[in-house]
Amino acid sequence: MKKYAINKLTALLAATTLSAVTFAGMSVTSANAAEKTIAYTQSEGSLSTDNDGISLRRNIYNIWTSPQIQDINGSTTVEEYIAVDFTVSGIGDASALDDGSQFYAWIAGSVGTNSQWTLADAGDNITAINGDGDYTVTMPLADPSASIECLILQTNINIYAFGGDVSATTANLTINSIKTVQNAILGDVNSDGSVDSSDAALILKDYATVQANGSSTLDKSIADFNGDDAVDSSDAALILKAYADAQAQK
């Protein structure tokens, strides 16, 4: 989009945002509850070990490690569960530790009020690993959340049974997809329960960042107001128009 068009819409949004009228949320229909795929890009350095220095894991979103890993958008809305589909490779047909303990995978982390870290914490939410192959592990969510503080695909696979430390082991975890359920309000990108000029402003800011070769920080399934599989100034303009129309009808 040309600069003058972005400036024009920015001015319009600013004028609306600075209006003396106190905004009230417009009445909108929630997006249909459905399983959604969370955008994921596997980054270098995301394969590591747990704090024991032995157990293999793949960091998905973990700002408490070095390097920080943010391979998904931490502001993603998640409900009901998070499911990670992944592939184990480099362990052949191995399925247990030397003491005979079964290899397992689980999701470790903190998602809103939901958290689990250890194998014991995960309880029944674990998946047995029986050699190389494709697996799915799920973390049920007792409460929905609009943020992910930490998310890790964790296993008890001992990397030293397969060649050495992370740089030398043949054992590997490759994440194929991450899914959740979302039942958010379409257009409510700031998750405040209403769709108004503040959401339009956030979409426009995000679009300008992407146009400048930056990365989007918005959840497309919520921000794509017109359903054209893109998040851009047209979504911001339509949200602003819908909000203005709703205010005019009051």
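Helices (H or I, at least four residues) and strands (E, at least two) are DSSP runs, numbered from the N terminus. The model shown is predicted: local features need pLDDT of at least 70, side-chain atom pairs count only at pLDDT 80 or more, and totals for chains, interfaces and linings use all residues. Residues are numbered from 1 along each chain as its sequence is written, and side-chain values use heavy atoms, with hydrogens and water left out.

**View 1. The cis peptide bond from S66 to P67.** Omega of this bond is near 5°. P67 sits in the loop that runs between strand 3 (55–62) and strand 4 (69–70).

**View 2. Positive phi at E80 and D229.** E80, a residue other than glycine, has a phi near 70° and belongs to strand 5. D229 is not a glycine either, and its phi is positive at about 65°. The loop between helix 4 and helix 5 (233–248) holds D229. With a relative accessibility of 57%, D229 counts as exposed; the classes are buried (under 20% relative accessible area), exposed (over 50%) and partly exposed in between, with a 1.4 Å probe and protein chains only.

**View 3. The aromatic pair of F86 and Y135.** Rings of Phe, Tyr and Trp (its six-membered ring) pair if their centres lie within 6.5 Å; planes under 30 degrees apart count as stacked, over 60 as edge-to-face and the rest as tilted. By this rule the count comes to 3 aromatic pairs. In one of them, F86 and Y135, the ring centres are 5.8 Å apart and the planes are at 25°, so the pair is stacked. F86 is part of strand 5 (residues 79–89) and Y135 of strand 9 (residues 133–140), so the pair ties together parts 49 residues apart in sequence. Both F86 and Y135 are buried.

**View 4. The aromatic pair of F103 and F162.** The ring centres of F103 and F162 are 6.3 Å apart and the planes are at 55°, so this pair is tilted. F103 lies in strand 6 (residues 103–111), while F162 lies in the loop between strand 10 (150–158) and strand 11 (172–182), so the pair ties together parts that are 59 residues apart in sequence. F103 counts as buried at 1% relative accessibility, and F162 is buried with a relative accessible area of 13%.

**View 5. The buried acidic residue D219.** D219 is located in the loop between helix 3 (197–211) and helix 4 (220–223). Although buried, D219 has no salt bridge (a side-chain nitrogen of Lys or Arg within 4 Å of a carboxyl oxygen of Asp or Glu). K36 is the nearest side chain of opposite charge, 7.4 Å away; Lys and Arg count as positive and Asp and Glu as negative, with His and the chain ends not counted. Leaving aside residues up to four places away in sequence, D219 touches N73, T76, T77 and Q182 (contact means heavy atoms within 4.5 Å).

**View 6. A nonpolar surface patch made by I63, W64 and W117.** The patch covers about 340 Å², with accessible areas from the Shrake-Rupley method and a 1.4 Å probe; for residues, only the protein chains shown count as cover. Patches are made of residues with over 30% relative accessible area and no salt bridge, with like charges joined within 9 Å and nonpolar side chains (Val, Leu, Ile, Met, Phe, Trp, Tyr) within 5 Å. W117 is partly exposed, with a relative accessible area of 36%, and is found in the loop between strand 7 (114–116) and helix 2 (119–122).
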